Amino acid sequence: MTERSLLVMVGTKAQFIKTAPILRELDARRMPYRLVYTGQHNETFDLLEVAFGTRAPDEVLVPDFEASTQRSFLQWCLRYWWAVAQRIARGTWRGTRMGLVHGDTASTLFGALTVRLVGARVGHVEAGLRSPRLLAPFPEEIVRRLVSRLSAVHYVPDAQAGKNLRNVRGAVVHTGGNTLRDALQMALARMRPLPGQGGAGDYALVSIHRSETLSSRADFNLLMEEVLHAADQMPVKFVLHPTTREKIRSSGWLPRLAEHPRLELLKRVDYPEFVHMLIGSCCLLTDGGSNQEEAAMLGLPTLLLRRATERMDGLGDCVLLSGLETDAIRSFVRDNVGSRWRLNLVDGDSPTRTLVDSLHGELHVGG
């Protein structure tokens, strides 16, 4: 086994956070790999490398780029495939036996296609999540289904995800959870001693970034109005993804949001600092699936700003689906002004170790 045997591809911040525990485990076992950033996003990657103690990538396919608008996304697509074509022509990735991709982004699909083009097997982390509708969420659901067809090994976080893959070719490996659990444990370990309760900051935390949210003018306008309404009730910290920041600017919402005295527009931060912000908040309003998973593990009262979710994490407990209904959003905010919540222990076996055990076996089959 050499560093050429395993290719690990990462393209977004969420992918980085969920892949970082895998990289650390590979390093701890001295399992060689080639780390490739797709370049879809790069903001805070330098901070995340420091926070998780991961090494710099071997390659960045589209360096110094941020796909934060539809136009820049198309530019990134063209530059990505040009970079891939050059490397395939030069034989850069010759000898690769397996490529690891994560999640349901464009980088996931492009990474899986790239791995197949170099003749290697695809391992899909966080495989098997499914929505009943092909076009919701868009494009994530389509990406998941296509990547499942390209993958030889599906690393599923729970039994339902495994059932969703019963008619798909390839090996299904149950990891007993999401690798996000390991990332969250790493962040919490830096905060010892932990408070028994969350919410001491008396603010609401907001994170909105999904493509389906930003691409619908009606939904985006509704949510911006509700962010302002929430800020009328209590202080709000709004963490801006690059695509959200660009959408707010281009849609004309920036002056109204920036002028509200109890609304802070924040740049993204490294992961430990974001977890610290989660614990300080009274509640979370988000459209993100990873945020839903984090909130469910922590016990943080969370309103999911979506009509549907493919994740069951926290539903019926601390996570509520808004359906993008104004009454539901305002009721949730009203109920959580100044609230305190019990901080859960995040424990259990490591999904990352189970995954890397499997990966080690896959790469050593046949010597």
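**Salt bridges in a predicted model**

At 16% relative accessibility, E25 counts as buried, where buried means under 20% relative accessible area, exposed means over 50%, and partly exposed lies in between (1.4 Å probe, protein chains only). This is a predicted model, in which local features need pLDDT of at least 70 and side-chain atom pairs count only at pLDDT 80 or more, while totals for chains, interfaces and linings use all residues. Residues are numbered from 1 along each chain as its sequence is written, and side-chain values use heavy atoms, with hydrogens and water left out.

E25 has a salt-bridge partner, R29. A salt bridge is a side-chain nitrogen of Lys or Arg within 4 Å of a carboxyl oxygen of Asp or Glu. Between R29 and E25, the closest N and O atoms are 2.9 Å apart. R29 is partly exposed, at a relative accessible area of 29%.

A second pair consists of E43 and R268, whose closest N and O atoms are 3.5 Å apart. E43 lies in the loop between β2 (34–37) and α2 (45–52), and R268 in the loop between β11 (263–267) and α12 (271–280), so the pair ties together parts that are 225 residues apart in sequence. Helices (H or I, at least four residues) and strands (E, at least two) are DSSP runs, numbered from the N terminus. R268 is buried, with a relative accessible area of 12%.

R210 forms a salt bridge with E140, at 3.7 Å between the closest N and O atoms. R210 stands in the loop between β9 (203–207) and α8 (211–214), and E140 in helix α5 (residues 140–150), 70 residues apart. Both R210 and E140 are buried.

Salt bridges that share partners also join residues into one network, among them K18, D104, R144 and E310. The count comes to 26 salt bridges.
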